[in-house]
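Here are some notes to read alongside the model. Have the sequence open as you go through them.

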Amino acid sequence: MVLTVAALSRVDIDALLTRYGLTLQVQNDGEAITGSYWGAPEAGVIGRKVFVRSDTPVHSLLHETCHVICMSEDRRSELETDAGGDDLEEAAVCYLQILLADELQGVGRDRLMADMDAWGYSFRLGDTRSWFERDAQDARNWLIDKGLIGKDSRPEYRLRN
């Protein structure tokens with residue numbers, strides 16, 4: 001079973017999103033999730049807000065958060081549900097969500113990668129860890145080029161301009 005938002009501290013999630021100027025909106029259980037591309041329980045996005053319920057998978061929270069971080073400001077200002085972007089940006093989103101998992105107590109990259117595999121993320125080398133460790137240089141370079149991570153692969157805590 002994948003880790004859900006209910007297992008995390010709201011304070012920790014808010015602290016992470018606040019570093020990026022984003023807002024978390026927790027909706028009631030059983031309610032449709034605003035801005036969800038995949039439908040409940042998957043996270044949703046509108047502008048700079050990320051919408052979740054307690055049963056939203058953490059990988060989904062981080063994935064949609066990273067979409068908002070990685071998109072250009074003009075796309076972000078019009079964002080509602082579908083983050084769009086090209087294949088390389090999608091790979092960068094996946095890479096960044098793995099890095100940000102280390103910022104949330106009780107998650108970490110190992111757990112997140114296992115949850116991504118369980119959900120069905122698909123990579124050329126098969127599992128998420130193989131992709132992240134051996135085939136994600138293009139995604140890492142994209143994040144560095146956009147100023148979202150440093151050469152040390154640590155997040156810079158800013159949105160793409």
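Is tryptophan 119 buried, exposed or partly exposed? Tryptophan 119 counts as partly exposed because its relative accessibility is 36%, where buried means under 20% relative accessible area, exposed over 50% and partly exposed in between, with a 1.4 Å probe and protein chains only.

A word on the source first. This is a predicted model, in which local features need pLDDT of at least 70 and side-chain atom pairs count only at pLDDT 80 or more, while totals for chains, interfaces and linings use all residues. Numbering runs from 1 along each chain as its sequence is written, and side-chain values use heavy atoms, with hydrogens and water left out.

1. The surface patch. Tryptophan 119 sits in helix H5 (residues 108–119); helices here are DSSP runs of H or I with at least four residues, strands are runs of E with at least two, and both are numbered from the N terminus. Together with Tyr37 and Trp38, Trp119 makes a nonpolar patch on the surface, with about 390 Å² of accessible area in total. The areas come from the Shrake-Rupley method with a 1.4 Å probe, and for residues only the protein chains shown count as cover.

2. A cis peptide bond. Have a look at the loop between strand S1 (23–26) and strand S2 (44–46), where you'll find alanine 40. The bond from alanine 40 to proline 41 is cis, with omega near 10°. Alanine 40 counts as partly exposed, because its relative accessibility is 43%. Leaving aside neighbours within four places in sequence, alanine 40 is in contact (heavy atoms within 4.5 Å) with Ile33 and Arg53. Its C-alpha atom is 8.7 Å from that of aspartate 55, which is 15 residues away along the chain.

3. Positive phi values. Threonine 81, in the loop between helix H3 (73–77) and helix H4 (87–101), has phi near 80°, a positive value in a residue other than glycine. Serine 153, in the segment after helix H7 (137–145), is another non-glycine residue with positive phi, near 65°. Threonine 81 is partly exposed because its relative accessibility is 23%, whereas serine 153 is buried because its relative accessible area is 17%.

4. The largest pocket. Its volume is about 570 Å³. Of the 27 residues lining the largest pocket, His63, His67, Glu90, Cys94 and Tyr121 are the closest to its centre. Helix H2 (58–70) and H4 each supply at least two lining residues, and H2 gives the largest share, five residues. For the terms: on a 1 Å grid over the protein atoms alone, a pocket is an open set of points where a 1.4 Å probe fits, with protein on both sides within 12 Å along at least five of seven lines, and lining residues have an atom within 4 Å of a point.

5. Buried parts. Threonine 128 lies in helix H6 (residues 128–134) and counts as buried because its relative accessibility is 0%. Its contacts beyond four places in sequence are Ile98, Met113, Met116, Asp117, Tyr121 and Phe123. In H7, Ala139, Arg140, Trp142, Leu143 and Ile144 are buried, and their cover includes H2, H4 and H6.

Key: Patches are made of residues with over 30% relative accessible area and no salt bridge: like charges are joined within 9 Å, nonpolar side chains (Val, Leu, Ile, Met, Phe, Trp, Tyr) within 5 Å. A salt bridge is a side-chain nitrogen of Lys or Arg within 4 Å of a carboxyl oxygen of Asp or Glu. Grid points are joined across faces, edges and corners, and a volume is the space filled by probe spheres set on the points.
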